Number of protein chains: 2
Amino acid sequence: MSATIYDVAREAGVSMATVSRVVNGNPNVKPTTRKKVSEAIKRLGYRPNAVARGLASKKTTTVGVIIPDISSVFFSELARGIEDIATMYKYNIILCNSDQNKDKEIRLIQTLLGKQVDGIVFMGGKIAEEHIEEFKQSSVPIVLAATVDEQNQIPSVNIDYEQAVFEAVSHLIETGHREIGFINGPLEVPINGKYKLNGYKRALAEHDIPFDETLLSVGDYTYESGKEATEQFLNQEVKPTAIFVDSDEMAIGAIHEIQDEGKKVPNDIEVISSENTRLVQMVRPTLSSIAEPTYDIGAVAMRLLTKLMNNEKVESSTVVLPHRIDFRNSTK
Amino acid sequence: MSATIYDVAREAGVSMATVSRVVNGNPNVKPTTRKKVSEAIKRLGYRPNAVARGLASKKTTTVGVIIPDISSVFFSELARGIEDIATMYKYNIILCNSDQNKDKEIRLIQTLLGKQVDGIVFMGGKIAEEHIEEFKQSSVPIVLAATVDEQNQIPSVNIDYEQAVFEAVSHLIETGHREIGFINGPLEVPINGKYKLNGYKRALAEHDIPFDETLLSVGDYTYESGKEATEQFLNQEVKPTAIFVDSDEMAIGAIHEIQDEGKKVPNDIEVISSENTRLVQMVRPTLSSIAEPTYDIGAVAMRLLTKLMNNEKVESSTVVLPHRIDFRNSTK
DNA sequence: TTGAAAGCGCTAACAG
DNA sequence: CTGTTAGCGCTTTCAA
């Protein structure tokens with residue numbers, strides 16, 4: 001068994017309260033006493049038990065992070081942003097993969113709350129009533145990262161997806177395209193089915209181009225699904241001359257499919273993606289992309305959470321980060 | 001404040017010991033009592049406090065994971081393997097990024113131990129004396145994943161790196177190459193500076209090819225560093241006709257540099273990488289690669305840890321997983 | 001099958 | 001500046 005605060009107290013000839021004070025950097029301790037205690041701590045190799053501390057203080061300095069899939073490039077960059085800021089504020093992270101499965105998400109929230117985390121960063125797809133209910137019952141703050149709550153009841157950090165897609169598609173239209181394919185993510189997720197799709201439609205509408213359903217496809221973010229969607233596009237009646245793709249990985253699939261069909265990017269077909277992960281430079285031609293500040297979304301979400309956990313006042317709990325479009329060689 | 005076990009006991013008209021029994025599925029409870037308690041639990045929305053439980057039982061059902069960088073494709077796949085198995089055995093994971101910084105690694109181990117994790121999965125570069133010391137002092141088991149301890153004192157899960165590289169390079173030699181470049185990772189890491197390098201040298205030696213220092217380069221696993229190393233190769237006296245690259249991301253950089261110089265892969269220069277992450281199919285030509293079973297290394301490491309935590313006996317605590325080489329289009 | 005009671009290791013008033 | 005004393009919410013003997 002390792003030493004407890006009581007052992008240290010005895011070794012140093014003081015009370016455990018005093019030991020607690022020096023461990024916690026309380027200034028109300030005479031320097032000589034502090035020294036005595038510090039030495040006893042060192043001698044005994046004492047290390048405070050965070051679980052006991054958590055029980056007594058009702059703070060665990062641990063936050064829960066629920067993420068769809070840590071092995072995705074997009075989410076792992078987000079996670080890194082979260083973790084860096086957490087570390088900066090002395091928190092540890094309990095990381096859980098949800099696979100965007102609602103039941104699993106609910107269960108994870110409960111487990112995390114049971115573990116007495118001081119807060120939760122949640123990333124997911126659709127926020128349903130059940131989520132909101134859990135969130136509201138929670139005694140600790142929760143913030144959404146790269147995840148929208150359509151009713152805007154839960155603190156969150158995002159970009160303006162609608163506007164971002166609007167800009168990308170408008171750019172394509174303004175450089176002469178009229179048949180613009182859109183490989184979106186699953187439409188049940190509001191970011192896709194609502195905001196991004198609306199941005200696409202608004203761009204078309206503002207340029208008097210009718211919406212053509214055959215130019216809308218849905219993938220699952222994988223390379224293969226981007227490739228397949230593009231294959232479909234290339235074999236149909238109305239073929240796109242430009243494609244907007246909702247993820248870098250799918251966009252690379254799209255580019256390869258186009259090239260496999262003997263066509264050139266960007267000369268025959270232009271491609272713009274969304275995410276701007278490190279992948280954009282790993283393909284030829286390099287990928288033009290909506291620069292979602294992935295790492296920053298995570299970092300800002302965690303920072304927001306720290307404020308909420310400390311009851312600091314925040315100007316707005318719904319933060320919208322700026323985006324931009326990085327043009328590379330998949331567009332002219 | 002949420003309900004405690006005591007509230008439930010009162011509500012159900014039993015003692016807290018009985019509540020504890022039903023919560024923990026102890027069979028020694030009369031069915032009618034069990035029912036009464038279950039209802040009280042539901043009525044009060046009672047959720048056990050894992051921190052209190054952890055303090056009393058000295059088990060937190062939480063394990064620590066120290067990883068160099070969760071945003072790397074390689075490590076995030078490993079992490080997913082770890083997390084999946086952890087979930088399967090009802091453990092949660094505290095995830096910490098170390099950036100391979102020794103001091104940070106040591107500090108993280110101590111923090112994790114302070115949080116009373118039931119075990120640790122460690123991924124890193126070089127295992128120094130200090131690490132070993134911390135590990136040995138630890139009262140909970142530790143296993144290394146994709147990380148070697150040269151003295152084989154700590155349980156670990158790896159592949160046979162030496163042999164894998166030997167096979168890849170031998171293949172290159174046997175298909176006619178004599179000038180084979182090697183873009184390795186940092187040499188301080190034994191996996192690189194010792195095992196992989198030895199595999200490369202052994203392949204040369206067995207085919208009577210002298211080792212040429214100018215054909216060995218060191219990168220930092222990034223796309224850019226792979227590109228730069230290759231640029232250097234292409235501009236030097238002895239130019240490689242084939243390159244073995246220690247990571248997929250660097251290998252993609254290498255391929256692009258070769259192509260940018262107007263040469264063809266694999267016709268002018270062949271490339272084989274190591275890792276076999278999802279990236280291998282996202283480049284043209286697709287990448288031949290040593291298939292390190294990334295996800296499995298994580299999964300097996302976590303499985304091994306569960307056995308160690310439960311004091312089950314394990315046949316060998318140094319496990320070496322099989323590897324193979326997946327040939328794709330970057331080789332002839 | 002159930003209950004009483006003693007901790008687990010620490011924090012946080014409250015006194016002094 | 002330091003010590004005393006309750007707990008925090010749960011598990012775990014030990015008895016009954």
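A residue counts as near a strand if one of its heavy atoms lies within 4 Å of that strand. The legends below describe a predicted model.

Close-up 1. The largest share, 4 residues, comes from α4(B).

**Close-up 2. Residues surrounding DNA strand D.** Of the atoms of DNA strand D that come within 4 Å of the protein, 60% belong to sugar and phosphate. Sorted by class, the surface near DNA strand D has 12 nonpolar, 9 polar and 4 charged residues.

Close-up 3. In the side chain of R21(A), an N or O atom is 2.5 Å from a base oxygen of DNA strand D. For K58(A), a side-chain N or O atom is 3.0 Å from a sugar or linking oxygen of DNA strand D.

**Close-up 4. The largest nonpolar core.** This core has 111 residues, of which M302(A) and M302(B) touch the most other members. Apart from neighbours within four places in sequence, M302(A) is in contact with V63(A), I82(A), I85(A), A86(A), Y91(A), V121(A) and M309(A). A second, separate core has 44 residues, including I183(A), I243(A), L287(A) and L287(B). In soluble globular proteins, nonpolar side chains tend to be buried together.

Technical notes
Residues are numbered from 1 along each chain as its sequence is written. Chains are lettered from A and ligands numbered from 1 in the order in which they are written. This is a predicted model: local features need pLDDT of at least 70, side-chain atom pairs count only at pLDDT 80 or more; totals for chains, interfaces and linings use all residues. Side-chain values use heavy atoms; hydrogens and water are left out. A nonpolar core is a set of buried Ala, Val, Leu, Ile, Met, Phe, Trp, Tyr and Cys residues joined through side-chain atoms within 4.5 Å. Buried means under 20% relative accessible area, exposed over 50%, partly exposed in between (1.4 Å probe, protein chains only). Contact means heavy atoms within 4.5 Å. A polar contact is a pair of N or O atoms within 3.5 Å; within protein, one must be able to donate a hydrogen and the other to accept it, and residues adjacent in sequence count only if both atoms are side-chain atoms. Helices (H or I, at least four residues) and strands (E, at least two) are DSSP runs, numbered from the N terminus. Ala, Val, Leu, Ile, Met, Phe, Trp, Tyr, Cys and Pro count as nonpolar, Asp, Glu, Lys and Arg as charged, and the others, Gly among them, as polar.
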